[in-house]
Amino acid sequence: MAPVPGSGLAKGLAVTLRTMTKKTVTAQYPDAQPELPPRTRGVIGLFEENCTVCMLCARECPDWCIYIDSHKETVPPAAPGGRERSRNVLDRFAIDFSLCMYCGICIEVCPFDALFWSPEFEYAETDIHELTHERDKLREWMWTVPAPPALDPAAEEPKEIAAARKTADKLAAEQAARAEATEAEAAQAKAAETKAAGTKAAQTEAGVAQADPAQADPAQGGQAAAPGEPTAPPGQPEPPAAPPSGPQEGQS
């Protein structure tokens, strides 16, 4: 079916008429700040503590607008007898926003989460050289980075948190095992001490009984000597009893 001549013009005039009847809305910037989307790419913030000077962001940048300088420092051994190690120390981290095309590759490839998007966009300059921002300025923009969205309650636990929890549980189990071993050793030492004390007391009682048989238990065959009677030393027979001094029967 052939189109009706002038139908396109009529549709265009209809759109124009509808737009002319609507109220015009003008954003009163800068008096009224615009409502930016949550993932606005305004400027890049630097979290310097996480940067390890791996140079990955500078190598992957398609515009070569990231400049990094660093030096190496020797770290003393953590324990006696260990060897010294060297680490990179960041000296300069700058981004030239006159070259940056806001692709976000540097943020995606950073393995230690040192770069973040900030919604700040009011950093226009009259001199193009002022658009190269050093790490101090990037550090200030870091505090304007919005908080990440909340995780889905049904989502899988991040592997970093799972690894940290596994390590914490392992350390807690080792500490509990050491505490149990310490308690068992203390109980064994106490039992051995009690046994040694009992053995020493029994040996002391046996020594007293051998030294003074008169104090032996009568139930075990020991007999106390009468006052004035001689006592034979241990291991020898008792002396015979003296005959009576009175007259005997059958004697005149």
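Reader: What kind of model is it, and what pLDDT do local features need?
Author: It is predicted: local features need pLDDT of at least 70, side-chain atom pairs count only at pLDDT 80 or more, and totals for chains, interfaces and linings use all residues. Residues are numbered from 1 along each chain as its sequence is written, and side-chain values use heavy atoms, with hydrogens and water left out.

Reader: How many helices and strands does the protein chain have?
Author: There are five helices and five strands, where helices (H or I, at least four residues) and strands (E, at least two) are DSSP runs numbered from the N terminus. Their order from the N terminus is α-β-α-β-β-α-β-β-α-α.

Reader: What share of the residues is buried?
Author: Of the 252 residues in the protein chain, 15% are buried. Buried means under 20% relative accessible area, exposed over 50%, and partly exposed in between (1.4 Å probe, protein chains only).

Reader: Pockets next. How much space lies in the largest one?
Author: About 640 Å³. On a 1 Å grid over the protein atoms alone, a pocket is an open set of points with protein on both sides within 12 Å along at least five of seven lines, a cavity is a set where a 1.4 Å probe fits but cannot get out, and lining residues have an atom within 4 Å of a point. Grid points are joined across faces, edges and corners, and a volume is the space filled by probe spheres set on the points.

Reader: Which residues lie nearest the centre of that pocket?
Author: Arg-39, Ile-107, Phe-116, Trp-117 and Val-145, out of 18 lining residues. The elements giving two or more residues to this lining are α3 (105-109) and β4 (115-118); β4 has the largest share, with four.

Reader: How does the lining of the largest pocket divide by residue type?
Author: Into 11 nonpolar, three polar and four charged. Ala, Val, Leu, Ile, Met, Phe, Trp, Tyr, Cys and Pro count as nonpolar, Asp, Glu, Lys and Arg as charged, and the others, Gly among them, as polar.

Reader: And how many cavities of 30 Å³ or more?
Author: Two. The largest cavity has a volume of about 110 Å³, and Cys-51, Cys-54, Cys-57, Cys-110 and Ala-114 lie nearest its centre. Its lining has 13 nonpolar residues, two polar and no charged.

Reader: What lines the second largest cavity?
Author: Its lining includes Ile-44, Cys-61, Asp-63 and Met-101, and about 50 Å³ of space lies inside. By type, the lining residues are nine nonpolar, one polar and one charged.

Reader: Where is Leu-36?
Author: Leu-36 sits in the loop between α1 (7-21) and β1 (43-46). Leu-36 counts as partly exposed because its relative accessibility is 37%.
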